[in-house]
Amino acid sequence: MSSTEQGTSSAAPAEPTTAPESAAAPEVPESFYYVHGKDKVVHKVSAGALQHSALIHGMISNLGYTEEQAKANPFPFENIDGDILQMVVDWCNQHKGKPTPPEDTNLPKQKEKLFDLVLAVNYLEIKELLTYCCKQVAMMVKGKSPEEIREIWMIPTDAEDEAAEKEAKKRAGKEAAGETAAAAGDAK
Amino acid sequence: MPCKLPESAYSNPETIQKFVLYDVLQGIPPDIGFQRLCKTLRQNLDYPKYEYLYYQFYNGNPEPDMPKSFSKSFSDLPMELLDGIVGNLNLKQRFRVRRVCQNLRDVIDQHKSRLKIFKVSFDCEKRWNILKVDDLDQKFLKKSYKKTLKLLGNFLKTSSHVESFELKLDNSEGSKSVLNMLRDVSMTSLNVENAKISAINTDEALEILGFFEPGELKKIELQSERGNGNVRKLVEMEQFKLAESVDIRKFRVFDSELLEKFLHFKRFVVKVNSISKENALRLKNAILEDSGPQILSVSLREQYDLVEILDHLEIDEESGDEGFNYTYFTQKIPNSSEEIRLEFHVAEINFSRRISNNVFISLLF
């Protein structure tokens, strides 16, 4: 299992000599968690950065993992492509503890990537990033005709849709019939 | 206890759909439900198919067909996401997106939007009718309004709030259709903030006013070409009682006894037959009662006795006159930074409360 070890710089313990306000209370070391997507590449992310995701925040809030336990139990997100999870992790790190700006121009411009990102962000419940994503998806069709919108948003026509549905129904019916026949065979 | 049913009895597509429905009903997140189901069935199911079914049930479709395809189509995104995307589109763009496919049409028709402007104007003297809803600005022919009205009805039905609602109705068929459309969409009250209604049939104007949520409606402006509006009916309406500003100067000229029904407003503009010194004093006292800016404007059909009113209001010092147009008086309100100002025009008296000129100047410097 490989690890990209995201955000390790902020994990380094503070040097006592570099701490200007020695009288201040010692900083609580930040805890880190690990996540991986479909590609199994593990990303190390601080709890602060993960707070953006309501889903992960809910998962880790009562865990109290030690560093070793967290490393041994990365959160699996099999439904998210590795590069998309990387984007999400990067965004969470960049916006850790910061107020989110009104605009975010770093979202992917390619529609397939944006589509996957929207689904991932929705699943991980990252509200601010989802707002940007929805805005970006809307911006894609600004000033475009219905035909262009159909192409940009990769939408089949209603007729195509119906034909595909009929086809799928037929296929599902055949599959079901096949399985019933197999079951009957098993029973014999 | 191990299940004695053969595996084929619970792993066919129909049964799997029921398992997914169970996960939705139990509020189990799709990823966890998927993992559990794979484990239980000892099968590697297809996650996109599971997730598709999950969101079909979640979004209220009780009988989803198995997915047609898993192409990356934005129209297949969950409804709440599509709603978020649609919320970023202006009205013109929504019209275009609406024409793309049935799914997006449904999303747009159900999207709760906030409209800034909703204006429909039927004018018998003009060839065109005017329609303006936010950035959508159209002129349409007298006879070709039906399709537009249906869309307008949808927009109104799904709008959570309308900032400015402006309607001008004549006696045409189109106007009647607008009224019918409003009757249809106002099964639940419309959240309108400012309403300006001009109608030949003033009962219709009041009926339309009744469609708006009382308390939400802050500003009312009514006009009638014939000046025959029913003010007695208006003042009994909840929408009127809970509003902050009303302008019915062009709705009807009425007797000043009814002015007492207007004293709670921050601003009103009315026309009365005449004003007695007692009613003038009531207006002055109403201004003194509430703090904050107020403007009460009373137009008069008949002439008034300036000296008698001034005497009754206990104002004896003239502050100035604006040329030959009007005379005005200001009086400092005790224990306040505000003053009362009275303007006497030829056929109009204005009472207002505002920050005192001296205080205003000191604020400026």
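Which residues does B:Leu182 touch, not counting residues up to four places away in sequence? Select B:Leu182 and you'll find B:Leu156, B:Phe165, B:Leu167, B:Leu190, B:Ile208 and B:Phe211 in contact with it, where contact means heavy atoms within 4.5 Å.

Some ground rules before moving on. This is a predicted model, where local features need pLDDT of at least 70 and side-chain atom pairs count only at pLDDT 80 or more, while totals for chains, interfaces and linings use all residues. Residues are numbered from 1 along each chain as its sequence is written, chains are lettered from A and ligands numbered from 1 in the order in which they are written, and side-chain values use heavy atoms, with hydrogens and water left out.

**Stop one: the cores**

Together with B:Leu182, they touch the most other members of the largest nonpolar core, which has 75 residues. A nonpolar core here is a set of buried Ala, Val, Leu, Ile, Met, Phe, Trp, Tyr and Cys residues joined through side-chain atoms within 4.5 Å. Buried means under 20% relative accessible area, exposed over 50%, and partly exposed in between (1.4 Å probe, protein chains only). Colour domain 2 (113-254) and domain 3 (275-365) of chain B: both give residues to this core, so it lies between them. The domain bounds come from an automatic or database domain assignment.

Another core, of 73 residues, lies apart from that one; A:Val89, B:Leu53, B:Tyr55 and B:Ile108 are among its members.

**Stop two: the rings**

Now B:Phe240. Rings of Phe, Tyr and Trp (its six-membered ring) pair if their centres lie within 6.5 Å; planes under 30 degrees apart count as stacked, over 60 as edge-to-face and the rest as tilted. That rule gives 18 aromatic pairs over all chains. For B:Phe240 and B:Phe262, the centres are 5.1 Å apart and the planes at 80°, so this pair is edge-to-face. B:Phe240 sits in helix α12 (residues 238-241) of chain B and B:Phe262 in the loop between β8 (253-254) and β9 (267-272), so the pair ties together parts that are 22 residues apart in sequence. Helices (H or I, at least four residues) and strands (E, at least two) are DSSP runs, numbered from the N terminus.

Pick B:Phe265 next: with B:Phe240 it makes an edge-to-face pair, 4.9 Å centre to centre and 80° between the planes. Both B:Phe240 and B:Phe265 are buried.

**Stop three: charges over rings**

A charge sits over a ring if NZ of Lys or CZ of Arg is within 6 Å of the ring centre and within 35 degrees of the ring normal. Then jump to B:Arg341, whose charged end is over the ring of B:Tyr328 at 4.0 Å from its centre.

**Stop four: salt bridges**

How many salt bridges are there over all chains? The search finds 16, each a side-chain nitrogen of Lys or Arg within 4 Å of a carboxyl oxygen of Asp or Glu. Start with A:Glu78 and A:Lys40, whose closest N and O atoms are 2.8 Å apart. A:Glu78 is partly exposed at 33% relative accessibility, and A:Lys40 is partly exposed at 41%.

Hop to B:Asp109 and B:Arg98, bridged at 2.9 Å, N to O. Finish by selecting B:Glu236, B:Glu238, B:Lys241 and B:Lys261, linked in a salt-bridge network.
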